[in-house]
Amino acid sequence: MTRITPVTRYETFYESPLGQMLLVADGDALTGVYFSQQKYFPQDGDVRRDGEGVAVLTAAKQQLDEYFHEGRRLFELALAPDGTPFQKRVWDALCRIPFGETRSYGDLAHALGDANKSRAVGAANGRNPITIIVPCHRVIGADGTLTGYASGVQRKLALLSLEGAARSAVEGASAATTRHTRLCAPANLAFDF
């Protein structure tokens, strides 16, 4: 979505266990949460201001700390992501995926009323500007495999592991009996939460 008039954005940084994150707000609501070296970032034409002391950014830092270190399951923040109406519908659907569970792109497309839109759902998921808080990391391939993540597949796996969604395969279990992702982390990946 292209804007003609620059928007004032308030920004601050958050040091997560998975790397530095940029938090962005419009003053009242969170508009972006981005890992460093993420695929998509805020528009360059926006007017940027120091966000220290902006209430929603302070609350976002606190709730991210609680998520990474104390088991927070839900975020309670005002959100205002910039996107198309379809993208916003997808992002709203992402917020309904419970902590510790995953859904496929097809599951989301079906929930939105058109099972044939799984690719469009994937594209909208990839453009989610509020990572973690709008939990795009909880979306996986129909066969249970990890698919792309704008912040890197290693971070996606780490987030799913933190939430308890990444489990080793259970003999005889089917997708119908568990909503946990059956993934195995490479032996050289270690995360300190």
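Y67 and F75 are both buried, where buried means under 20% relative accessible area, exposed over 50% and partly exposed in between, with a 1.4 Å probe and protein chains only. This is a predicted model, in which local features need pLDDT of at least 70, side-chain atom pairs count only at pLDDT 80 or more, and totals for chains, interfaces and linings use all residues. Residues are numbered from 1 along each chain as its sequence is written, and side-chain values use heavy atoms, with hydrogens and water left out.

Now the rings. The structure has 4 aromatic pairs. Rings of Phe, Tyr and Trp (its six-membered ring) pair if their centres lie within 6.5 Å; planes under 30 degrees apart count as stacked, over 60 as edge-to-face and the rest as tilted. One of the pairs is Y14 with F68, stacked, at 6.4 Å centre to centre and 20° between the planes. That pair links distant parts of the chain, 54 residues apart: Y14 is in strand β1 (residues 8–16) and F68 in helix α1 (residues 55–70). Helices (H or I, at least four residues) and strands (E, at least two) are DSSP runs, numbered from the N terminus. Y14 counts as buried because its relative accessibility is 4%; F68 does so at 2%. Y67 and F75 make a tilted pair, 5.6 Å centre to centre with 40° between the planes. Ring pairs join Y14, Y67, F68, F75 and F99 into a cluster.

Last, a charge. Where does the charged end of K117 sit? It sits over the ring of F86, 5.7 Å from the ring's centre; the cut-offs are NZ of Lys or CZ of Arg within 6 Å of the ring centre and within 35 degrees of the ring normal.
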